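Trainee: Can we go through this structure together? I would like to begin with the charged pairs.

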Amino acid sequence: MIFSPLPGEYIASAIRRGNEILGIKGLNKLHYRIRKRPRPQGKYDNASIIDYPKFLTSHKFSSQVLYENTLYPLAAALGRTDATCVYTPPTQWKICLQCVIDDLENQGTAFIHRSHLMSSVSLCSRHATKLHFNCPNCLKPITSHEISKFAECSESYTTESPHFGSPPHQYSCFVEVLLNYKSYPVTTSGAEIIIIQKMEDKGILEPRNTDVPLLIRLARETLGVEFRFEFFHRLPMEACSVMAFLAYITGNDYLGEISGLPKYDYL
């Protein structure tokens with residue numbers, strides 16, 4: 001297996017590129033899946049263990065890949081690192097057409113950016129242009145598109161209008177900043193408390209009244225994303241990311257706020 005990820009590249013993209021160089025077709029999700037193992041029942045005082053593909057642990061760069069080539073840093077910054085959180089999504093990958101062109105020119109290859117993976121992110125943080133689930137040329141889903149074929153497909157890509165400064169672009173920049181978080185995970189309750197408090201300070205929520213329907217409507221109206229949840233407590237990562245954005249707008253403001261929060265002393 002050839003594995004040499006580029007800066008900001010999703011782990012599955014790097015493995016697929018390596019497989020294509022070796023003439024290996026397809027991509028087994030077990031070769032890139034990283035997830036937390038559920039704690040044994042009743043063992044809540046013990047840290048859960050992260051399961052890595054064997055090749056990562058054998059080469060001793062599993063922690064580096066976790067922070068640089070997956071969604072884990074975002075989950076850690078939001079306090080969403082339990083066993084149900086998906087750091088390496090197997091579907092719904094996207095591309096920015098201009099990123100493909102730039103990456104081919106600057107890196108010699110296109111690749112899947114981890115900052116484009118979240119389903120709630122609709123614009124590229126760098127170019128403020130639409131992210132595509134399917135290749136505009138061959139119409140193949142990006143999840144199953146061969147990396148080497150992007151060079152040919154990109155010849156037909158056209159320039160798209162950017163949306164700099166729009167709420168979806170601001171949100172993609174927010175996610176990009178949180179993906180560079182390098183510290184231990186924030187506690188779940190700690191993240192939720194400061195997000196709710198910030199929303200109360202801004203007048204989004206009434207004190208002691210977490211109006212879930214209002215938050216769902218704000219997410220839809222501001223970013224065009226739909227969520228279903230009944231309680232703010234234990235929000236999934238996608239929803240928590242959007243709520244943190246609605247509260248803080250910039251990733252740096254949010255990271256500054258969590259700097260003094262309690263953190264787990266393990267990954």
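Mentor: The structure holds seven salt bridges, a salt bridge being a side-chain nitrogen of Lys or Arg within 4 Å of a carboxyl oxygen of Asp or Glu. This is a predicted model, in which local features need pLDDT of at least 70 and side-chain atom pairs count only at pLDDT 80 or more, while totals for chains, interfaces and linings use all residues. Residues are numbered from 1 along each chain as its sequence is written, and side-chain values use heavy atoms, with hydrogens and water left out.

Trainee: Glutamate 9 and arginine 17: what do their side chains form?

Mentor: A salt bridge, at 2.8 Å from N to O. Glutamate 9 and arginine 17 are both buried. Buried means under 20% relative accessible area, exposed means over 50%, and partly exposed is in between, with a 1.4 Å probe and protein chains only.

Trainee: And aspartate 51 with arginine 37, which parts of the chain does that pair tie together?

Mentor: Their side chains meet in a salt bridge at 2.6 Å, N to O. Aspartate 51 is in strand E2 (residues 50-51) and arginine 37 is in the loop between strand E1 (35-36) and E2, so the pair ties together parts 14 residues apart in sequence. Helices (H or I, at least four residues) and strands (E, at least two) are DSSP runs, numbered from the N terminus. Aspartate 51 is partly exposed, at 27% relative accessible area, and arginine 37 is partly exposed too, at 40%.

Trainee: New topic. Which residues touch the most other members of the largest nonpolar core?

Mentor: Ile195, Met243 and Tyr254, out of 80 residues in that core. Helix H10 (residues 237-248) gives the most to this core, ten residues. A nonpolar core is a set of buried Ala, Val, Leu, Ile, Met, Phe, Trp, Tyr and Cys residues joined through side-chain atoms within 4.5 Å.

Trainee: What is tyrosine 254 in contact with?

Mentor: Contact means heavy atoms within 4.5 Å. Leaving aside neighbours within four places in sequence, the contacts of tyrosine 254 include Phe174, Ile195, Ala244 and Tyr248.

Trainee: How many aromatic pairs are there?

Mentor: Eleven in the whole structure. Rings of Phe, Tyr and Trp (its six-membered ring) pair if their centres lie within 6.5 Å; planes under 30 degrees apart are stacked, over 60 edge-to-face, and the rest tilted. Tyrosine 72 and tyrosine 87 have ring centres 5.2 Å apart and planes at 85°, so that pair is edge-to-face. Tyrosine 72 is in helix H4 (residues 72-78) and tyrosine 87 in the loop between H4 and strand E3 (95-96), 15 residues apart. Both tyrosine 72 and tyrosine 87 are buried.

Trainee: Where do phenylalanine 174 and phenylalanine 245 sit?

Mentor: Phenylalanine 174 is in helix H7 (residues 167-178) and phenylalanine 245 in helix H10, 71 residues apart. Their rings are edge-to-face, 5.8 Å between centres and 70° between planes. Phenylalanine 174 and phenylalanine 245 are both buried. With Tyr171, Tyr248 and Tyr254 they form one aromatic cluster.

Trainee: Last one, serine 120. Buried or exposed?

Mentor: Buried, because its relative accessibility is 4%. Serine 120 is in the loop between helix H5 (97-107) and strand E4 (131-132). Its side chain makes a polar contact with the side chain of glutamate 238 at 2.5 Å. A polar contact is a pair of N or O atoms within 3.5 Å; within protein, one must be able to donate a hydrogen and the other to accept it, and residues adjacent in sequence count only if both atoms are side-chain atoms.
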